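Colleague: I am new to this one. Could you show me how to read it, feature by feature?

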Amino acid sequence: MNVLGIETSCDETAAAVVGDDFRIRSNVIASQADLHRRFGGVVPELASRSHIERLLPVIDEALHEASSGLEDIGAIAVTRGPGLVGSLTVGVAAAKALAYTRGLPLVGVNHLEGHIYGNRLDRAAWPLPAVVLIVSGAHTDLVLMREEGRYAVLGRTRDDAAGEAFDKVARVMGLGYPGGPAMDRLAEGGDPEQVPLPLPFPDGGYDFSFSGLKTAALRVWRSAADGERFARDFAASFRHAVTSVLVSKLFRAVDAHRPRSVMLAGGVAANTLLRVRVEAEASRRALPMLIPPPVLCTDNAAMIAAAGLARLARGEEDGLDLAVAADLPLS
Ligand code: KG4
Ligand code: ZN
């Protein structure tokens, strides 16, 4: 059975077809970054209007790429939250219309669970329980996944998400929107030792906080910014500070809970240094480590289809009264 996944929680309009072997048949993502760039962030009203314009062509393309028609689809999975309420509504309305007219099962998916299931795609099995770090533009959640569908949130950010901190500092540096990937590239050529920045919130158990680092970094940038070399060292130092605290709390949780694997998920999991450092710590412990390829770290619908498949396999299904939930929690 193929599942059609639909994702419209923020500023990517996405549709994908995934088989019940968790293999990706197609994965189409229309980014709205160009639309929001001049505002330096996502404008919710523009995002939902753009989803309305783009979603049906994106679904058509996903079916076409998978060499399928709707007759080859066995179920519809759609993100129901968390996210922007107007954007979510567009995806859920389209999913309901398709499910109703084709008589297909409908399954609502938590976007964060979707990010975790980015690790399930194109894989025969995964070792659970797992300790998972979800790092995106809106979330920084440290999660113990006991089994499929059972999560305990160990810690989360008390203010900015990690991606948000990258984006805000990158914006002041003139790196555009979203700035995380540009900051990552710039940091590759820099020396983190040259520009000292504070470690963000090393205490506080498994919770995170990036606002202090952000303020300190912006003060340093505004007082000392000086040419290309400085920009590279500054980016390297900022990236080092953020990844250090992520890696240290992730593996503190790993050592406390002794899971069978460790996973990264969410847009910031595409970060080069974070991937390398998590890989090194996992291999030191001989622990299986799962990180999606970069294109499956940022928002996409294949991960939503995968999480939907798992829900369907557990006998979970939603009705046409499925509601969006902007603050939907993971557990
Ligand atoms: O998961 P995602 O696509 O959207 C949300 O659900 O929020 O994550 C987007 C975030 C943005 O903040 C973006 O700057 C960040 O992921 N990001 C990165 C990198 N690639 C994407 N941050 C740091 N380094 C990267 N390579
Ligand atoms: Zn996301």
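Predicted model: local features only at pLDDT ≥ 70, side-chain atom pairs only at ≥ 80, totals over all residues.

Colleague: What follows α3?

Modeller: Gly103, with a positive phi near 65 degrees.

Colleague: Which residues of α3 are buried?

Modeller: Among them are Ser87, Leu88, Val90 and Gly91. Leu98 and Ala99 are also buried. The buried residues of α3 pack against β1, α2, β4 and β5.

Colleague: Now a sheet. How do I read the strand order?

Modeller: Strands of a sheet pair through backbone hydrogen bonds, either parallel or antiparallel. Here an open sheet of five strands runs β8-β7-β6-β9-β10, with mixed pairing. The edge strands, β8 and β10, each pair on one side only.

Colleague: How many bridges join β9 to β10?

Modeller: Two, and these strands run parallel. Val262 stands opposite Met289 in β10.

Colleague: What lies across β6, β7, β8 and β9?

Modeller: Helix α8, residues 227-257. Its direction is at about 160 degrees to β6.

Colleague: And how do I read a core?

Modeller: In soluble globular proteins, nonpolar side chains tend to be buried together. The largest nonpolar core here has 49 residues. Met173, Phe238, Leu246 and Leu250 have the most contacts inside it. α8 gives the most to this core, 15 residues. Apart from it lies another core of 36 residues, including Leu121 and Met303.

Colleague: What does Phe238 touch?

Modeller: Leaving out residues up to four places away in sequence, its contacts include Phe166, Val169, Met183 and Leu213.

How values were computed
Residues numbered from 1 in each chain as written. Chains lettered and ligands numbered in written order. Heavy atoms only, no water. Pairing = 2+ DSSP bridges. Helix = DSSP H or I, 4+ residues; strand = E, 2+ residues; numbered from the N terminus. Contact = heavy atoms within 4.5 Å. Axes fitted to C-alpha atoms, helices over the stretch in contact; angles between N-to-C directions. Buried < 20%, exposed > 50% of the residue type's maximum accessible area, 1.4 Å probe, protein only. Core = buried A, V, L, I, M, F, W, Y, C linked by side-chain atoms within 4.5 Å.
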